[in-house]
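Please work through each task before reading its solution.

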Amino acid sequence: MKLRKVFILLMVMAGALQLGAENYPYRSDVLWVTVPDHADWLYKTGENATVDVQLYKYGVPVDDVVLEYAIGGDMMPADTKGTTTLKNGKATVEIGTMKTPGFRDCVLTATVGGVKTTHHVKVGFSPEKIEPYTAMPTDFDAFWQKNKEDLAKVPLSYTLTPAPQYSTDKMDCQLVKLITTAQGQSIYGYLFVPKGAEAGSCPIVVCPPGAGIKTIKEPLRHRYYGENGCIRFEMEIHGLNPEMTEQEFKEISAAFGTRANGYLYNGLDDKDNYYMKRVYTGLVRAVDFLTTLPEWDGKNVAMQGGSQGGALAIVGAALDPRVTQCVANHPALSDMAGYKAGRAGGYPHVFRLDGMDKPDKLNTLAYYDVVNFARRVQCPVYMTWGYNDNTCPPTTSYAVYNVISSPKEALITPINEHWTSEATERGHLDWIMRHLK
């Protein structure tokens, strides 16, 4: 009977491994299971939270092992530390409460067979009441209107090169080079158009990239868009030809610098010279180009992306009234100054670096922070995020979602760190198709 129970437990763990590889590392001997006493991991401010902790090795409960815990606010130093002992693989940890809306993070550590293993779990307290720290500049709209007017003076110019290596029996692919500034700067992207599509029959889906200086990896990963009747534009933002070699990308990435001298910090002293200005207006130029395609249905333009791409999806939806649907996973660049309020700020966590907490940098960031664009979005929005994310913390996703006034829906997957499942990704297309005009 005992062996049968262990076998069933192993099968359950195998299923969990497939569903959440980042939280439960593939082929790891050790498995953590953390279960808050509220099924949705959410509490009202003032309520106390507890988490039942289970730890297994080879699917067998770990016994008489010391469990260390460190608890604090989302992305903040721990304010509570302690230990307890796992009995038959189980222990309970008191998370405590919060007086103001936000998240608490419980980091767990144990040594099993001489090897240290860690896990963490975040729970929320009235997160629907989280308000951004970042304020809207009084001239925010005027600033971006002027930048769009300047872009409109730049003639639409692009090249198209067949990319048969990414074409399928259901769609054709071309590599696009699109000029985005008067200085001749550009972006690249792979354009997928359904084979034999009739004029005026296809919605557009623009997919901006995640953070980094990198090629467009796996252009066919979302092939189901093009193969289900959508024009799909998988784009990059730096003007780097995605057909360069991996070594060339590594060299260019090193030249761009990292962290404090990387592109997300480039020009922060002046809002007119910040690197991301041409990236944001480049989203509008991408729509300028895509809406000239004869296959476009003349009505639907969706923005869809994750992390930095999720941020850019919201930015594009706010800047361009032609955008009719917006899908964003755990958006980066959101309430970046949140650390000033003693809580999590958004990726790239600017204020965790020395020398960044300066008035001119704060001023610039307000013009580029996603929460301020979220306040301006008019189209329907679909957002998804997880609570265990330390790259784009849940505090910042709620800060964005809570200020959106247009029709909105959320898929919240508490256990997720900075990832989404294939099923969730496919659900984005399903949501877009249900919301076509």
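Buried means under 20% relative accessible area, exposed over 50%, and partly exposed in between, with a 1.4 Å probe and protein chains only. The model is predicted: local features need pLDDT of at least 70, side-chain atom pairs count only at pLDDT 80 or more, and totals for chains, interfaces and linings use all residues. Residues are numbered from 1 along each chain as its sequence is written, and side-chain values use heavy atoms, with hydrogens and water left out.

**Exercise 1.** Characterise the salt bridge of arginine 223 with glutamate 227.

Solution. A salt bridge requires a side-chain nitrogen of Lys or Arg within 4 Å of a carboxyl oxygen of Asp or Glu. For arginine 223 and glutamate 227, the closest N and O atoms are 3.0 Å apart. Arginine 223 has 34% relative accessibility and is therefore partly exposed; glutamate 227, at 22%, is also partly exposed.

**Exercise 2.** Determine the accessibility class of each partner in the salt bridge between lysine 153 and aspartate 150.

Solution. The N to O distance of this pair is 3.9 Å. Lysine 153 reaches 65% relative accessibility, so it counts as exposed. Aspartate 150 stands at 31% and hence counts as partly exposed.

**Exercise 3.** Classify the ring pair of phenylalanine 143 and tryptophan 144.

Solution. Rings of Phe, Tyr and Trp (its six-membered ring) pair if their centres lie within 6.5 Å; planes under 30 degrees apart are stacked, over 60 edge-to-face, and the rest tilted. The whole structure contains 23 aromatic pairs. In this one, the centres are 5.0 Å apart and the planes at 80°, so the pair is edge-to-face. Phenylalanine 143 and tryptophan 144 are both buried.
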